Amino acid sequence: MEQRIRPGHLTATQARMVLGGISAGALRNLVYRGKLTRSGGTERYPYYAVADVTVLAAERDQRQSA
């Protein structure tokens, strides 16, 4: 079954890849700690806003390069 999401959103798998290939548990931990919020989907298949994920990825890259 093909998954259809709204433009400007990423699936959990896509968000994990943007964030450097983190694990599913690490993504859930980011949500739990309030660093990333779900912007749609269901509890089992959440979506994340592209803008939120890219900002978080940039912050993580900046922190790692410092």
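Modeller: Keep in mind that this is a predicted model. Gly 40 stands opposite Tyr 47 in β3.

Colleague: What makes β2 and β3 a pair?

Modeller: Pairing takes at least two bridges between the strands. β2 and β3 are joined by two bridges, so they pair. The two strands run antiparallel. A hairpin of four residues links β2 to β3.

Colleague: How do you know that β1 pairs with β3?

Modeller: Three bridges join β1 to β3, residues 46-49. The cut-off is at least two, so β1 and β3 pair. They also run antiparallel. His 9 stands opposite Ala 49 in β3. Thr 11 has Tyr 47 as its bridge partner in β3.

Colleague: What is the strand order of the sheet?

Modeller: The order is β1-β3-β2, in an open sheet of three strands with antiparallel pairing.

Colleague: Why are β1 and β2 called edge strands?

Modeller: Each of them pairs on one side only.

Colleague: Which residues show that both faces of β3 are covered?

Modeller: Pro 46 and Tyr 48 are buried on one side. Tyr 47 and Ala 49 are buried on the other.

Colleague: Turn to β1. Why is His 9 called buried?

Modeller: His 9 has a relative accessible area of 15%. Buried means under 20%, so His 9 qualifies.

Colleague: And why does Thr 11 count as buried?

Modeller: Thr 11 lies in strand β1. Its relative accessibility is 13%. The limit is under 20%, so Thr 11 counts as buried.

Colleague: Back to His 9. What makes its approach to Ser 39 a polar contact?

Modeller: The side chains of His 9 and Ser 39 are joined at 3.2 Å.

Colleague: Which residues does His 9 touch beyond its neighbours within four places in sequence?

Modeller: They are Gln 14, Ser 39, Tyr 47, Tyr 48, Ala 49 and Val 50.

Colleague: Where does helix α3 pack?

Modeller: Helix α3, residues 50-65, packs on the sheet and touches β1 and β3. Its direction makes about 70° with that of β3.

Colleague: Why say that the buried residues of α3 line one face?

Modeller: Val 53, Leu 56 and Ala 57 are buried in α3. Seen down the helix axis, the buried residues fall within an arc of 100°, so they line one face. An α-helix has 3.6 residues a turn, so residues three or four places apart point the same way.

Colleague: What covers those buried residues?

Modeller: The cover includes β1, α1 (12-18), α2 (24-32) and β3.

Colleague: Which residues are exposed on the other side of α3?

Modeller: Gln 62 and Ser 65 are.

Conventions: Residues numbered from 1 in each chain as written. Predicted model: local features only at pLDDT ≥ 70, side-chain atom pairs only at ≥ 80, totals over all residues. Heavy atoms only, no water. Buried < 20%, exposed > 50% of the residue type's maximum accessible area, 1.4 Å probe, protein only. Polar contact = N/O pair within 3.5 Å; in protein donor to acceptor, adjacent residues only side chain to side chain. Contact = heavy atoms within 4.5 Å. Axes fitted to C-alpha atoms, helices over the stretch in contact; angles between N-to-C directions. Arc of directions from axis to C-beta.
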